[in-house]
Amino acid sequence: MRTLSFIKDLNPGLKTNKIELKFKELHRSKEKTGTEVTKEEFIEVFHELCTRPEIYFLLVQFSSNKEFLDTKDLMMFLEAEQGMAHVTEEISLEIIQKYEPAKEGQEKGCLSIDGFTNYLTSPDCHIFDPEHKKVCQDMKQPLSHYFINSSHNTYLIEDQFRGPSDITGYIRALKMGCRSVELDVWDGPDNEPVIYTGHTMTSQIVFRSVIDIINKYAFFASEYPLILCLENHCSIKQQKVMVQHMKKILGDKLHTQSPNIEDSYLPSPESLKGKILIKAKKLSSNCSGLEGDVTDEDEGAEMSQRVGKEGVEQQNSMTGKRFQLCKELSELVSICKSVQFKEFQVSFQLQKYWEVCSFNEVLASKYANENPGDFVNYNKRFLARVFPSPMRIDSSNMNPQDFWKCGCQIVAMNFQTPGLMMDLNIGWFRQNGNCGYVLRPAIMREEVSFFSANTKDTVPGVSPQLLHIKIISGQNFPKPKGSGAKGDVVDPYVYVEIHGIPADCAEQRTKTMHQNGDNPIFDESFEFQINLPELAMVRFVVLDDDYIGDEFIGQYTIPFECLQTGYRHVPLQSLTGEILAHASLFVKVWQYFSFRKLS
């Protein structure tokens, strides 16, 4: 039936069986047989199926009960609701010309319900501010002033103990804008170093092939510096092979310039564009030979020890074992020298700005809880890398917000594991053009400021904001994968979550709309006080209400600073991050500075 495909072309989210049913109902009401459809019948069915009542009522509200918006009506809507400044009739006319499907409407400067719907569902009315789709932050500050999109054991594509290693792990992470990847290198056969997690049953990949892939994809998604976190467990002989491969394949991309001892801070991402930094152990400056001893960091050894020791957690991954490091490899390490953390006061006095400490998740949590102010101050000058506890054998993820709130720049995530924690990581680094670097809040950078990561109240020197979100409706929610108990029925509801410092964390939910996944009308408003907007994220989650257990439908996570106010559509993503075709939420967002405390 051509009419079916025509309506599907105009509104791809509509289900074929729903269109067929509507035509059958129309013909039945007219006691008509056959499948022939007149022009009038087509228009009637089209408007009944494709006209969204919540958008129609909005149009009528701004058109003074007309069936269309003229240029002045549209101007008022854009200024009053969408927050657009300096709107002219010419701008209104441009929007009408772009989105009004009827030629008559274009000529008369009138936006019909179909044109208004086209506009509100277009990228122009996406909830994500397009300014943040490109690099829009100051990239000339020290490297330590940025959060850096980071991957843990990048070579693994499943669990941490028995899972396969594969170069696709690096391709995936680098394509997603990751700027810190991990290489755990060991002696391999035929004098070729290999990458895998030592003391486990993970498979091995050749070091050279990984360097080839890194060379190919290092700057695929971002031109800003890439950090290779090198866990070196190789003999001197194979260390020299590693150096040969990196120099030959990466060439001038390697940053090997020694740090200036007269400087106080690391160079900026802007000054390191197109460069690859090696984070690894380095020989001390007083080592005059061709090789020397350094302390080993062996995360795999700790993991293998933990497999048989349930409920026991070690707070430091340093094994204390020493190994030989060749001078050639040491010379590739410039401004990311790995050192062992001792305590904050020692670091404040003795640590060099180019030295980087790695923290086990458990140890980092301990410092975040017991020394939150010191941890924030430490991270104003030095890079800190946090990696998951070795107890996370299933490759589950820690909550990156727990460490971002302390200013930790490199929070290493298991990119292969979807879920809330990766949603937060992906959502956070969407801002600033998805370049892998996000400038930290000013209160975490300024030497004179003081901020405690665990604050449960307003932040001194930061104006809190009130965020109002109205969940108006949903569109084309798919049935959750693997759910068949209720047939095609969907009973959706929406959670709105705020993630940030403890004072900001909150969630609220709508009521359930029974048996309506096509265009459920929620019409519910929520209010949140945001005390540190620069570190807050909003997460929309749609679930299917089921007495057996609620099923995940879709989600979207967005930094607070990237929200566009007004009437906006929120695209929904699957559990694994793919966009759900035609599925969205229709919301209204508005925000203003708070002069009162929410109860």
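Which residue in strand 21 does Gln573 stand opposite?

Mentor: Gln573 stands opposite Ile579 in strand 21. Keep in mind that this is a predicted model.

Gln573 belongs to strand 20, which covers residues 566-573. Strand 20 and strand 21 run antiparallel, and 7 bridges join them. The two strands form a hairpin with 5 residues between them. Look at Gly577 in this hairpin: its phi is positive, near 95°.

Next, follow strand 21 itself, residues 579-593. Strand 21 also pairs with strand 14, which spans residues 465-475. That pairing is antiparallel too, with 10 bridges. Find Gln475 in strand 14.

The chain has 18 helices and 21 strands. Of its 599 residues, 56% count as buried. Take the contacts between residues at least 6 apart in sequence: 71% of them join residues at least 24 apart.

For a helix example, turn to helix 4, residues 53-62, and helix 8, residues 113-120. Their axes lie 10 Å apart, and the packing angle is about 110°. That makes helix 4 roughly perpendicular to helix 8, because angles of 65 to 115 degrees fall in that class. Helix 4 brings Ile55, Tyr56, Leu58 and Leu59 to the contact. Helix 8 brings Ile113, Phe116, Thr117 and Leu120. By class, the contact has 7 nonpolar residues, 1 polar residue and no charged ones.

For a loop example, go to Asn371, between helix 15 and helix 16. Asn371 is partly exposed, because its relative accessibility is 24% and that class runs between 20% and 50%. Leaving aside residues up to four places away in sequence, Asn371 touches Phe344 and Lys366. Its C-alpha is 9.7 Å from that of Cys406, 35 residues away in sequence.

Last, check confidence. The mean pLDDT of the chain is 88, and 83% of residues reach 70 or more. Over residues 307-318, though, pLDDT stays under 50. Where pLDDT is low, the predicted coordinates should not be read in detail.

Conventions: Residues are numbered from 1 along each chain as its sequence is written. This is a predicted model: local features need pLDDT of at least 70, side-chain atom pairs count only at pLDDT 80 or more; totals for chains, interfaces and linings use all residues. Side-chain values use heavy atoms; hydrogens and water are left out. Two strands pair if DSSP finds at least two bridges between them. Helices (H or I, at least four residues) and strands (E, at least two) are DSSP runs, numbered from the N terminus. Axes are lines fitted to C-alpha atoms, for helices over the stretch in contact, and angles run from 0 to 180 degrees between N-to-C directions. Angles under 35 degrees count as roughly parallel, over 145 as roughly antiparallel, 65 to 115 as roughly perpendicular and the rest as oblique. Contact means heavy atoms within 4.5 Å. Ala, Val, Leu, Ile, Met, Phe, Trp, Tyr, Cys and Pro count as nonpolar, Asp, Glu, Lys and Arg as charged, and the others, Gly among them, as polar. Buried means under 20% relative accessible area, exposed over 50%, partly exposed in between (1.4 Å probe, protein chains only). pLDDT is the predictor's confidence in each residue, from 0 to 100.
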